[in-house]
Amino acid sequence: MKSAVVQLPGLNRDRDMIAALTKISGKAPITIWQTETAIPDDVDLIVIPGGFSYGDYLRCGAIAARMPVLQAIKEKAEKGVKVLGVCNGFQILVEAGMLPGVLMRNTSLRFVCKDVKLEVINADTDFTRAYAKGQIIRCPVAHHDGNYFVDEETLAGMEDRGEIIFRYAEGTNPNGSLSDIAGVINSRGNVLGMMPHPENLIEAAHGGNDGRGIFASALEVIAA
Amino acid sequence: MIKARVTVTLKNGVLDPQGKAIEGALGSLGFEGVHQVRQGKVFDLEIDGTDKGQAEANLKTMCDKLLANTVIENYTIAID
């Protein structure tokens, strides 16, 4: 498995993501800069990390989503390459139309930075097979715009197809997101977006490793 | 040159926490009877050329592609 981390001006979680991928796979990811339009063919997992791409001007992730590098990522996703977007990465994926819905300002209007609990709603995906359905995991969040919204009809379809992957559990919804949604996957099952930061909970030094399973699943470090 | 104004507003039914906070702040300033405050965005643009029909068509594409997120937002275009 070869992974890649996207680097755009204003993204600031790229080094955490590189460290997580390196520690879990034993191999450093390549990095993809904003001007690149060709992603190497041997990349199996592309990760868009968190931060504030292009200052989050206009709407969070809106400018990044229209950069040529995102078109290149979209083409890879259409060929089946796995794409993971975390936090601003998730916002970029919805703005790019690679995932349904939108991420709006937190209902509290405050930036939230704390640990939440996530329920694994669907463990039968390339990103969550290390977990069990219904498992509660701990994960940090740090965002101002994580309030997921989608129209009712689309939501019903997503629920039927098992595309809601994580929900905030036990009253820990930090942002008012619809139906407590914390992470969703596309219909094909190869593009996952989530607001929480699993890369910040992968080893004892972090105080836990509940986030490790997402990378272990996506990198196929564990048996399918 | 054509001058245009694009107004982007939240669709009905989409929660607007910022609008709610502004409504609360207006109330605390003593402005009573103010309801349904919704925050939006305004873009003023200058476009080369004189063909207003073409400009409007281009503006519509700009709105659909970038200026508005049509999942949650509506837009209107006004040309001088």
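**Close-up views of a predicted two-chain model**

**Figure 1. Polar pairs between chain A and chain B.** Across the interface of chain A and chain B there are five residue pairs in polar contact, both residues of each pair being at pLDDT 80 or more. The side of chain A that touches chain B is made up of six nonpolar, three polar and four charged residues. This legend and those that follow describe a predicted model, and the values quoted in them are computed from it.

**Figure 2. The salt bridge between A:Arg59 and B:Glu73.** One salt bridge is found across the interface of chain A and chain B. The side chains that form this salt bridge belong to A:Arg59 and B:Glu73, with a nitrogen-to-oxygen distance of 3.8 Å, which falls inside the limit of 4 Å used for such a pair.

**Figure 3. The area buried between chain A and chain B.** Chain A brings 13 residues to the contact, and chain B brings 15 residues. The area buried between the two chains is about 1,200 Å², and carbon and sulfur atoms give 69% of this area. Of the area that chain A buries against chain B, 39% is supplied by A:Leu58, A:Arg59 and A:Met104, more than by any other three residues. A:Arg59, one of these three, is also the chain A partner in the salt bridge with B:Glu73.

Figure 4. With a relative accessibility of 0%, B:Leu59 counts as buried, because the limit for a buried residue is under 20%. When neighbours within four places in sequence are left aside, the residues in contact with B:Leu59 are B:Ala4, B:Val6, B:Leu45, B:Ile47, B:Ile77 and B:Ile79.

**Figure 5. A:Tyr54 and A:Asp56 in the loop between S3 and H2 of chain A.** The loop that holds A:Tyr54 runs between strand S3 (45-48) and helix H2 (62-65) of chain A, and A:Asp56 lies in the loop between S3 and H2 as well. Most residues other than glycine have a negative phi. A:Tyr54, although not a glycine, has a positive phi of about 50°, and A:Asp56, also a residue other than glycine, has a positive phi near 55°. A:Tyr54 counts as buried at 16% relative accessibility, and A:Asp56 is buried with a relative accessible area of 17%.

Key:
Residues numbered from 1 in each chain as written. Chains lettered and ligands numbered in written order. Predicted model: local features only at pLDDT ≥ 70, side-chain atom pairs only at ≥ 80, totals over all residues. Heavy atoms only, no water. Contact = heavy atoms within 4.5 Å. Buried area = accessible area lost by both parts, 1.4 Å probe. Polar contact = N/O pair within 3.5 Å; in protein donor to acceptor, adjacent residues only side chain to side chain. Nonpolar A, V, L, I, M, F, W, Y, C, P; charged D, E, K, R; others polar. Buried < 20%, exposed > 50% of the residue type's maximum accessible area, 1.4 Å probe, protein only. Helix = DSSP H or I, 4+ residues; strand = E, 2+ residues; numbered from the N terminus.
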